[in-house]
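Please look at the sequence and the model first, then read the points below.

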Amino acid sequence: MDYNNFTSPLDPTVKLRAKEGEVLTDPTYYRKLVGKLNFLTNTRLDIAHSVQNLSHFMDDPRKPHLKAAFHLLRYLKGDPTLEIFMSKDADYTNKAYCDSDWETCPYSRKSVSGYLVLLGSSPVSWKSKKQDTISLSSAEAEYRAIRKVVGELVWLSRLFEELTVPFPKPITVLCDSQSAMHIARNLVFHKRTKHI
């Protein structure tokens, strides 16, 4: 069979849920597939969020989850040579992007955070992961995303220092939440933010 390629890693019109759909007769097939896709996120940062989403259903995979995994494979088939481009220019400026999706998981109500760290124009670190705790607001979820990327930047700064690679400071961290940036800039704790 010849299947068409997809232009997005997951179907945006489909909301995956646990315990919905027919149970798979062999769940190890789904687990192995998602495990291999998880390994592929080391070089394909464009699928990190999708694989993180599919990983939620490892303990009880259903047919809709497998269908979504096949959707991701068809997306990868669209351009199998897509890779990370590591530029050779001597631009060592650092920039980090972070974002979160508030209350993404309908069962645990936890948010998902993601970040991307660039050294010049080359990506050196990225992650998409469910947050450890439940955020009470989108600003809190965004603030936690900023905290994660800053922790990663501190680690990268020390690593590059050890490798004697220039790591200019200050590092630009870009976030799309004005309230989270205000919380990060304001060192005074208020009663609305003391639980963060």
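Two strands count as paired if DSSP finds at least two bridges between them. Helices (H or I, at least four residues) and strands (E, at least two) are DSSP runs, numbered from the N terminus. With these terms, strand 1 (residues 94–101) and strand 2 run antiparallel and are joined by eight bridges.

The model is predicted, so local features need pLDDT of at least 70 and side-chain atom pairs count only at pLDDT 80 or more, while totals for chains, interfaces and linings use all residues. Residues are numbered from 1 along each chain as its sequence is written, and side-chain values use heavy atoms, with hydrogens and water left out.

**Overall layout**

- The chain has five helices and four strands, and from the N terminus on its elements run α-α-α-β-β-β-α-β-α.
- Taken along the principal axes, the C-alpha atoms of the chain fill a box of roughly 55 × 50 × 25 Å.
- Buried residues make up 34% of the 196 residues in the chain; buried means under 20% relative accessible area, exposed over 50%, and partly exposed in between, with a 1.4 Å probe and protein chains only.
- Of the contacts in the chain with a separation of 6 or more, 69% are between residues 24 or more positions apart; a contact means heavy atoms within 4.5 Å.

- Four strands form an open sheet in the order 3-2-1-4, with mixed pairing.
- Strand 3 and strand 4 (172–174) stand at the edges with a single partner strand each, so one side of each has no neighbour in the sheet.
- The twist averages 15° from one strand to the next. Axes here are lines fitted to C-alpha atoms, for helices over the stretch in contact, and angles run from 0 to 180 degrees between N-to-C directions.
- Strands of a sheet pair through backbone hydrogen bonds, either parallel or antiparallel.
- Strand 2 and strand 3 form a hairpin with two residues between them, and Gly-120 in the turn has a positive phi of about 70°.
- Strand 2 (residues 112–119) is mostly covered, with six of its eight residues buried.

**Helix 3 and His-71**

- Helix 3 (residues 63–78) has 16 residues, which at 1.5 Å a residue should span 22 Å; its end C-alpha atoms are 23 Å apart, which agrees. The expected span is 1.5 Å times one less than the number of residues.
- The buried residues of helix 3 include His-65, Leu-66, Ala-68 and Ala-69, together with His-71, Leu-72, Tyr-75 and Leu-76.
- These buried residues pack against helix 1 (27–40) and helix 2 (48–54).
- An α-helix has 3.6 residues a turn, so residues three or four places apart point the same way.
- His-71 is found in helix 3 and has a relative accessible area of 11%, which means that His-71 is buried.
- Leaving aside neighbours within four places in sequence, His-71 is in contact with Phe-6, Ser-8, Pro-9, Leu-10 and Asp-11.

**Helix 4 and its partners**

- Helix 4 lies across strand 1, strand 2, strand 3 and strand 4, and runs at about 150° to strand 1.
- The axes of helix 4 (residues 138–162) and helix 5 (residues 178–185) come within 8 Å and cross at roughly 55°.
- Helix 4 and helix 5 are therefore oblique to each other; angles under 35 degrees count as roughly parallel, over 145 as roughly antiparallel, 65 to 115 as roughly perpendicular and the rest as oblique.
- Where helix 4 and helix 5 meet, Ala-139, Glu-142, Tyr-143 and Ile-146 of helix 4 touch Ser-179, Ala-180, Met-181, Ile-183 and Ala-184 of helix 5.

**Backbone exceptions**

- Most residues other than glycine have a negative phi, and most peptide bonds are trans.
- Lys-19, in the segment before helix 1, has a positive phi near 60°; Lys-19 is exposed, with a relative accessible area of 60%.
- Thr-164 lies in the loop between helix 4 and strand 4 and has a positive phi of about 55° although it is not a glycine; Thr-164 is exposed, with a relative accessible area of 69%.
- Pro-170 is found in the loop between helix 4 and strand 4, and a cis peptide bond with omega of about 0° joins Lys-169 and Pro-170.
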